[in-house]
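Subject: Structure handover

Hello,

Here is the structure I promised to pass on. Please open it first, then read my notes below.

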Amino acid sequence: EKVVKITEEEAEVKFREGYKSITYLLEHYDEICAGGGDNVRRYLGTVVSTKDPSGLVGINKAMKALEGRADDFIEYTEMSNEGIK
């Protein structure tokens, strides 16, 4: 499988989509939880929905593409890895 890199601009758009997804999840958590565990995982991007994909799907690539903007590469990498877990 070929790994496709994304540009910093594409990564920034993806990062913003991910931020919107996680913000929506946090603000509507009780409502989303009522739909069951898979519903929560859809918002986290761990259960992929073709109908309404989470902004967090593929966030790893976005984080990798944006690492050059970090003031502290090591801190950025550690925080990125922690956030992806």
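How many residues apart in helix α3 are Arg41 and Asp38? They are three residues apart, so about one helical turn separates them. More on that pair further down.

First, the ground rules. This is a predicted model, in which local features need pLDDT of at least 70 and side-chain atom pairs count only at pLDDT 80 or more, while totals for chains, interfaces and linings use all residues. Residues are numbered from 1 along each chain as its sequence is written, and side-chain values use heavy atoms, with hydrogens and water left out.

**Overall picture**

The protein chain has five helices and zero strands. Here helices (H or I, at least four residues) and strands (E, at least two) are DSSP runs, numbered from the N terminus. The order of elements from the N terminus is α-α-α-α-α. Along the principal axes, the C-alpha atoms fill a box of roughly 40 × 30 × 20 Å.

The protein chain has 85 residues, and 21% of them are buried. Buried means under 20% relative accessible area, exposed means over 50%, and partly exposed lies in between (1.4 Å probe, protein chains only). The chain exposes about 6600 Å². Carbon and sulfur atoms supply 54% of that area. Accessible areas come from the Shrake-Rupley method with a 1.4 Å probe; for residues, only the protein chains shown count as cover.

Now contacts, meaning heavy atoms within 4.5 Å. Take the contacts between residues at least 6 apart in sequence: 52% of them join residues at least 24 apart.

On charge, the chain carries 12 positive and 17 negative charges. Their mean positions are 7 Å apart. Lys and Arg count as positive, Asp and Glu as negative; His and the chain ends are not counted. Each charge is placed at NZ of Lys, CZ of Arg, CG of Asp or CD of Glu.

**Salt bridges**

Side chains of opposite charge can pair when their charged atoms come close. A search of the whole structure finds six salt bridges. The criterion is a side-chain nitrogen of Lys or Arg within 4 Å of a carboxyl oxygen of Asp or Glu.

Arg41 forms a salt bridge with Asp38, and their closest N and O atoms are 2.8 Å apart. Arg41 is partly exposed, at 37% relative accessible area. Asp38 is partly exposed too, at 38%.

Helix α1 holds another pair, Arg16 and Glu12, four residues apart, or about one turn of the helix. They form a salt bridge, with the closest N and O atoms 2.9 Å apart. Glu12 is partly exposed, at 27% relative accessibility. There is also a network of salt bridges here, linking Glu8, Glu12, Arg16 and Arg69.

**Lys14: a buried lysine**

Lys14 is found in helix α1, which covers residues 8–27. Lys14 counts as buried because its relative accessible area is 17%. Lys14 forms a salt bridge with Glu17, the closest N and O atoms being 3.8 Å apart. Glu17 and Lys14 are three residues apart in helix α1, so about one helical turn separates them. Glu17 is partly exposed, at 36%. Leaving out residues up to four places away in sequence, Lys14 touches Ser54, Gly55, Val57, Gly58, Ile59 and Ala62.

**Ala11**

Ala11 also lies in helix α1. Ala11 is buried, with a relative accessible area of 0%. With residues up to four places away again left out, Ala11 touches Ile6, Ala62, Ala65 and Leu66. Val40 is 29 residues from Ala11 in sequence and 24 Å from Ala11 in space, C-alpha to C-alpha.

**The aromatic pair**

A search of the whole structure finds one aromatic pair. Tyr24 and Tyr43 form that pair, which is stacked, at 5.6 Å centre to centre and 15° between the planes. Tyr24 lies in helix α1 and Tyr43 in helix α3 (residues 37–44), so the pair ties together parts that are 19 residues apart in sequence. Rings of Phe, Tyr and Trp (its six-membered ring) pair if their centres lie within 6.5 Å; planes under 30 degrees apart count as stacked, over 60 as edge-to-face and the rest as tilted. Tyr24 is partly exposed, at 32% relative accessible area. Tyr43 is partly exposed, at 24%.

Best wishes
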